[in-house]
Amino acid sequence: MQNKEIVAMILAGGQGSRLGVLTKHLAKPAVPFGGKYRIIDFTLSNCSNSGIYTVGVLTQYMPLELHAHVGLGSPWDLDRRNGGVYILPPYQEESGGSWYRGTADAIYQNISFIDSYDPEYIIVLSGDHIYKMDYEKMLKFHRQKCSDCTIAVIDVDPNEASRFGIMNTNEDLSIYEFEEKPKHPKSNKASMGIYIFNWTLLKKFLKEDVRDKNSSNDFGKNIIPKMLKSGLKLYAYPFEGYWKDVGTIESLWESNMDLLENYNGLNMRDPAWRVYSYNYVRPAQYIGPNASIKDSLVVDGCRVYGEIIHSILSIGAIVGKNAKVMNSVIMPDAKVGENVIINKAIIGNNAIIRRNSIIGDGKKVTVIGVNEDIKSGSVVK
């Protein structure tokens, strides 16, 4: 059932500089994941499964492949006459224009789009997180608490809490303090970057924020602290389940490995909560007579002649004879030559690893960039 009182805005314009060579020519939400998905598929699928069918995708950095992937939104049932998915890049007005300066500014620049649907609520999401979440339950919590702003939080390891924005709450989950990456955190409730606002109220704060020349135009740094200071009712919505911000090479690799182990419910085959994606039609995978595959995911279009152990092979990947791939992610259309050994690595789209090469040492994650051509006999650790 479609929820017409809420509009979703997905922030998908980030450069993802910490992903290095994997995002040199690609927006982070468009980075491949789990063999045949893109990172943004999780957030789009969450919207569809939650009955939210009016979705704006705010793009900026290297957006072409992301635009092509999202298209008209049909894989997520978002190709609709009323609502649907909209790509929203920064645009020029008569008075001028600029890149999105921050997360809050990105929403501010699209006030007219949101107003055209006259929603009671707006949910602000990130396009670069791996998780499954029912936003309808969060909206129900928001209403029950008569909240002005509700922020999804997840309990993190107390030793890791200083890496996150931390919400300090009372017993009723009302927020009394927000700390951005505190050295000595008072709690371990980490913000997931998922916010539900009453739209009329948020619009007022966005307009005030854009007039503040000292503002970073950011939700975490500016809007939320100002709301707290104004005495508004802010609540933390506790989320239990798998969630990972795949903003680094290490976290991207970890999340792919978690998928192999169905860690904490990261199950792509759950019929009750499907993760949808654009269906890139490829022939069935071919497994050679001497190939060996253990604890791995090999999808359509792959050709395997070597040994695959605890790894993910994405659409169109090829692994040659006597090659050995361990604890690694091979991205779409990458080619691994004969007698190659790969251990704990991410091999980018269309990369070529020529014969007799050694990639990775099994300790840290080694990355081969998109379209890289590694010559025969190379050692890259």
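Hi everyone, let's start inside the protein: cysteine 149 is buried, with a relative accessible area of 0%. Buried here means under 20% relative accessible area, exposed means over 50%, and partly exposed is in between, using a 1.4 Å probe and protein chains only.

Before going on, a word on the source: this is a predicted model, where local features need pLDDT of at least 70 and side-chain atom pairs count only at pLDDT 80 or more, while totals for chains, interfaces and linings use all residues. Residues are numbered from 1 along each chain as its sequence is written, and side-chain values use heavy atoms, with hydrogens and water left out.

Back to our cysteine. How many disulfides are there? A disulfide is a pair of cysteine sulfur atoms within 2.5 Å, and by this rule the count is zero.

Now the whole chain. The secondary structure comes to eight helices and 30 strands. Both are DSSP runs numbered from the N terminus: helices are H or I with at least four residues, strands are E with at least two. Of the 381 residues, 55% count as buried. The C-alpha atoms fill a box of roughly 65 × 50 × 40 Å along the principal axes.

Next, please find the open sheet of five strands, in the order β16-β19-β22-β25-β28, with parallel pairing. Two strands pair if DSSP finds at least two bridges between them. At the edges stand β16 (297-298) and β28 (366-368); each has a single partner strand, so one side of each has no neighbour in the sheet. Strand β25 (residues 345-347) runs parallel to β28, and three bridges join them. Within this pair, isoleucine 346 is opposite valine 367 of β28.

What packs on this sheet? Helix α8 (residues 249-260) does, touching β16, β19 (312-313), β22 (329-330), β25 and β28. Contact means heavy atoms within 4.5 Å. The direction of α8 makes about 95 degrees with that of β25; axes are lines fitted to C-alpha atoms, for helices over the stretch in contact, and angles run from 0 to 180 degrees between N-to-C directions.

One last stop: aspartate 212, in the loop between α6 (199-210) and α7 (219-229). Is aspartate 212 buried or partly exposed? Aspartate 212 is partly exposed, at a relative accessible area of 28%. From glycine 34, aspartate 212 is 178 residues away in sequence and 42 Å away in space, C-alpha to C-alpha.
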